[in-house]
Amino acid sequence: MHVSHLSLADFRSYARAEVALDPGVTAFVGPNGQGKTNLVEAVGYLATLGSHRVSSDAPLVRMGADRAIVRAAVVQGERQQLIELELNPGRANRARINRSSQVRPRDVLGIVRTVLFAPEDLALIKGDPGERRRFLDELITARSPRMAGVRSDYDRVLKQRNTLLKSAAMARRHGGRGLDLSTLDIWDQHLARAGAELLAQRLDLISTLRPLADKAYEQLAPGGGPVSFEYRGPAAIEGAQTREELCEALLAALAEVRKQEIERGVTLVGPHRDELLLNLGRLPAKGYASHGESWSYALALRLASYDLLRSEGNEPVLVLDDVFAELDARRRERLAELVAPGEQVLVTAAVDDDVPDVLVGARYAVSEGTVERV
């Protein structure tokens, strides 16, 4: 699978941009702040309906514009599809596939798949648990686009349940008799069902990804591992394997903390609070790994993701956003050798020298909002 053409309108710094793309390596080269990352960010948005740089759509719309459009022609084997996303901050986004307007934005998920390396990836190792949950859930959705619906359902139920708990907590603080919480059992059931599906997918992903990440780390930093993962959720889920068992375990965990939840007005148990612990050798990577080790670990997670998606039959677009400048010479060459055979590799760099020689392919000069092939 590869993107053969990218078209932008009022996206980030671009009033208009038309970029023809080939299979193999394409490098976007230019000084910082000229719009290189905006191009690969747009490709990533088509794959995930989100940005790796910001948490909302508003910054993606060019200043002064009401909306932004990201459009791409995607080739998979003999098949070509045209997908388009219209970003409307404060309103519902719109999507089209082959110019049909009768689709939801999440219906485009799975047409483009990406694995993106960026400086922000250090947060996978050094950041808070939300970064690692997001990593898991985005990869789950890349493997199975239907999980976007499950994640949306879980978030909706969680919001409704938190609203009920918050109202109950406020009533108690003001000396009232409290709200009727009889509906809380119903929300518990909904939360546990959606949560069990998400948990099952996370646990399956972790067991599959662990050996791939260990292999990738050894390739990047020989002798520096091993790497391992540990999923931390409520004690009740330990030993649960099937979705039914996970659902029952979540219900038990919710029952155990209900009093505290009513006092605090927030849901205290569920996949939204779980943690993925990343270990390097015998120690947690967070707080113990050096800067170089943290970079290698983050890269190993992305390489493992790439290997996993590729093994499942639809090779993703590999995006390396200003990564090589952050690496020492040894890691730079090792990474370049590992990714060079990819079906489509998009690279951004401030100067040509930051692109390793093994990554031979098309070059675009990016400057002041213009993108020109050189």
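Which residues does Leu-338 touch, not counting residues up to four places away in sequence? In this predicted model, where residues are numbered from 1 along each chain as its sequence is written, local features need pLDDT of at least 70, side-chain atom pairs count only at pLDDT 80 or more, and totals for chains, interfaces and linings use all residues. Side-chain values use heavy atoms, with hydrogens and water left out.

Leu-338 touches Gln-219, Leu-220 and Leu-303, where contact means heavy atoms within 4.5 Å. Leu-338 belongs to helix α9 (residues 329-339); helices (H or I, at least four residues) and strands (E, at least two) are DSSP runs, numbered from the N terminus. With a relative accessibility of 29%, Leu-338 is classed as partly exposed, the category between buried (under 20% relative accessible area) and exposed (over 50%), for a 1.4 Å probe and protein chains only. The C-alpha atoms of Leu-338 and Val-269 are 40 Å apart, and the two residues are separated by 69 residues along the chain.

Three strands form an open sheet in the order β9-β10-β11, and their pairing is antiparallel. Because β9 (227-232) and β11 (283-284) stand at the edges with a single partner strand each, one side of each has no neighbour in the sheet. Two strands are taken to pair if DSSP finds at least two bridges between them; β9 and β10 (residues 275-280) are joined in the antiparallel sense over six bridges. Within this pairing, Asn-279 in β10 is the bridge partner of Ser-228. Helix α5 (residues 184-220) packs on the sheet and touches β9 and β10, its direction making about 165° with that of β9. Helix α8 (residues 291-311) also lies across β9 and β10, running at about 120° to β10. For these angles, axes are lines fitted to C-alpha atoms, for helices over the stretch in contact, and values run from 0 to 180 degrees between N-to-C directions.

Asp-188 lies in helix α5 and is buried, with a relative accessible area of 6%. Its side chain makes a polar contact of 2.6 Å with the side chain of Arg-258; such a contact is a pair of N or O atoms within 3.5 Å, and within protein one must be able to donate a hydrogen and the other to accept it, while residues adjacent in sequence count only if both atoms are side-chain atoms. Leaving aside neighbours within four places in sequence, Asp-188 is in contact with Arg-161, Leu-251, Leu-254 and Arg-258. Arg-161, in helix α4 (residues 147-173), is buried, with a relative accessible area of 0%. The side chains of Arg-161 and Glu-261 are joined by a polar contact of 2.8 Å.
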